[in-house]
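Dear colleague,

Please find below the structure that I am handing over to you. My findings follow directly after it.

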Amino acid sequence: MYRTRVFIFSAPILSLREIRVSIIERTVSGIAILQIDSPPVNAFGGAVRAALARGLAAACAAPDINAIVLCGTTLFSAGADITEFSGDKVRLKPMLWDLFTLLEASPKPVVAAVDGLALGGGTECILATDYRIATPSARFGLPEVKLGILPGAGGTQRLPRLIGPQAAIDLMTRGHTIDAQQALALGMIDAIAEDLLSEAIARAKAIAATGNRPTAALRRTDKVSGFDRAYFAEQRSKAVAKARGLAAPAAIVDCVEAACTLPPREGLRFERSLLDALRANPQHMALTTLFQAERAAAKVPHLVATPAPVSRVAVIGAGTMGVGIAMAFANAGVDVVLSEVDTAAVQRGLSTIGQNYENAVSRKAIDRDAADAARARIEPAVGLEALGPVDLVVEAIPEEMALKQQLFATLDRVTPQHTILGTNTSSLDIDEIAKTTSRPGKVVGVHFFAPANVMKLLENVRGSLTDDTTIATVMALGKRLGKVSVLAGNCDGFIGNRMLHYYSCSAEFMVEHGIAPTRIDAVAEAFGMPMGPLALRDLVGLDVTVLVRKQRMARQPLGTRTPLVVEALHAAGRLGMKSGKGFYRYEGRRRLPDPDVTTILEEHVRRNGFARLALTDQQILDRLLLPLVNEGAKELADGTAIREGDIDVVWSSGYGFPRHEGGPMYWGRRVGLERVKAMADELGQCFGANWMPASNLDGLLKSH
Ligand code: 3HC
């Protein structure tokens, strides 16, 4: 559905019916207003591009029109239509870059009036106009890099000419948004106005009246001279270092260099060639698929319930998780009561929160007023009786079933009947917790990832009795908290941690077979994981692994082999990062190889008589990742995960799986599910039935 409206003010009636452009008002002389109105986000799909081109041509042809104002609705535009990227849609002409060339070449001045968001092609569009004006709340950004491409509709050539190469590289390689004040300071826009349309019309009239058109961005040279090869070489190596394997940032730097060194036409050609190369790179499709998977994940099939209102939340437990969860709510404008067993504990939590906000302010991650306002939303409470009327409780106490059951029984007594009782457990049985309450329909898993105020994932877990309103409420919460929500079924570890078990154990088995921990971590990190599986064990704490494993071993089928390298290190007094010693030795957060680890592990291998394996880096990577895919398939088979994309979203947003690989299931399909099956066969023979191939792998193989 699209509309491009043209408001013609005191202009002759144009014959525009065939392009679905309507003439709405005729009050101001000589100005045509082209309004993009194509819900939900005014994306530049083929129909919108075509209508805009026709609207532009019609306005240019109308003798009584002197200038054009181009605007959106509550947002300007989210850029190119991402649904066109998958290739099965016919791409209608004009292409985006041609449309913007037309805009820049317009014989009549064009003023862009931006309210809401201008992203990607939306921002590129305004760069091709004569003058840019925005409301104070407008935001701008070029997030193409997050889709593995670059602003390829002239953006890499026009932006540096307007704001200089440094700011342009920063904006385009990070893909973040900036507000109108920042855009004005950079020179990306020319003015800010509360009364957007009136100001835009006035400016358009003034430009038309004087005939004094500002120099088009592509013809500006003042901001792009004086940068040598060495400058770009440095920018490129910085971009590559930060990119963790993503190709687009280096290409963006190349394009900015072209903007500074080549004539505009050649620069545009160069930009197109790099855009085409990035579009052919599998990273682009992986990232685009993930973008769509994130939006799909929030939608639960057949769920029609309306989310219940949540205005006040209680967080129980002011440890690392509780503090992060409280901040996540407060940052989203929700009042929070943070409860602990005694005053000292709650004060410790509050002081951590205070410190976290101070750090965020000094890092400029949040401004002072916003930090103070968020902090003021968090109110301390001692015990449970003082929670008051809350709509949702999120429990973040230690992972012990008996403790959780006791807590939920009390919460059931002290909170109003409508209150949803959420547990932040990362693996425990939601039904076992729910049965201690009189409202199992309102008990749900709300699994945040540490640090909860930063990490983007909210893994919600449906118990067998959780009702639809509760599910709808916690799923809606993700968006409100700026996170992505995924719904998981109730099982040991849910979607993410259930798979993590196989990834981590596979790493530990390799250690038992003589592969150095440093090598395994290096392979995982070279693939793009933020931290290798053994370094991750150190971060979480080896004592935690030992405890969890003891409980898990009791539930394993007979004949399952358990790797015991963590236990060997733990027995030698190594608890991981918190004790300065684990798989590594630590100086602060710096991890260093430790010869003592080699000695302990060699002794463990010798004592158990494990055979030594000689593995290539590729084989190490396969042993880490293929079991992840196998377990993901099992989750699909038993309903723990609704869609393959949900698993990919969990792993990319919660575990740092490189986004440009699309998530483990997407990666698995790319490398071949046959390989997943072969690896599962091999590992199943060695380690037991749990590692055997998922029964649905053949079906999945046929389904694409
Ligand atoms: N094209 C097509 N559909 C888009 C879209 C786009 N550019 N951006 C968002 N949508 C769709 C979403 O898929 C979603 O569809 P659904 O309702 O069917 O699930 C709907 O619009 C609403 O999106 P969100 O759920 O994400 O809504 P939010 O309000 O949370 O966020 C947004 C809105 C900030 C615009 C966010 O959607 C976003 O960041 N979009 C991507 C913007 C982007 O990356 N633009 C660059 C495109 S590439 C480009 O322009 C190439 C050019 O340089 C050559």
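The second largest cavity holds about 40 Å³ of space. A cavity here is a set of points, on a 1 Å grid over the protein atoms alone, where a 1.4 Å probe fits but cannot get out. The volume is the space filled by probe spheres set on the points, which are joined across faces, edges and corners. Please note that this is a predicted model, in which local features need pLDDT of at least 70 and side-chain atom pairs count only at pLDDT 80 or more, while totals for chains, interfaces and linings use all residues. Residues are numbered from 1 along each chain as its sequence is written, and side-chain values use heavy atoms, with hydrogens and water left out.

Tyr502, Pro627, Asn630, Ala680, Leu683 and Trp691 line the second largest cavity, where a lining residue has an atom within 4 Å of a point. Helix 24 (617-638) and helix 27 (673-687) each give at least two residues to this lining; helices are DSSP runs of H or I with at least four residues, strands are runs of E with at least two, and both are numbered from the N terminus. By class, the lining has five nonpolar residues, one polar and no charged. Nonpolar covers Ala, Val, Leu, Ile, Met, Phe, Trp, Tyr, Cys and Pro, charged covers Asp, Glu, Lys and Arg, and the others, Gly among them, are polar.

In total, three cavities of 30 Å³ or more were counted. The largest cavity contains about 60 Å³ of space, and its lining residues include His501, Tyr502, Cys505, Phe509 and Trp691. Helix 18 provides the largest share of that lining, four residues. The classes are five nonpolar, five polar and two charged residues.

Helix 18 (residues 496-512) also meets helix 20 (residues 533-540): their axes come within 9 Å and cross at roughly 110°. The axes are lines fitted to C-alpha atoms over the stretch in contact, with angles from 0 to 180 degrees between N-to-C directions. Helix 18 is therefore roughly perpendicular to helix 20, a term for angles of 65 to 115 degrees.

Finally, Ser426 is located in the loop between strand 14 (420-423) and helix 16 (430-434). Beyond its neighbours within four places in sequence, Ser426 is in contact with Glu399, His447, Gly493, Phe494 and Asn497.

Yours sincerely

Conventions: Angles under 35 degrees count as roughly parallel, over 145 as roughly antiparallel, 65 to 115 as roughly perpendicular and the rest as oblique. On a 1 Å grid over the protein atoms alone, a cavity is a set of points where a 1.4 Å probe fits but cannot get out, and a pocket is an open set with protein on both sides within 12 Å along at least five of seven lines; lining residues have an atom within 4 Å of a point. Contact means heavy atoms within 4.5 Å.
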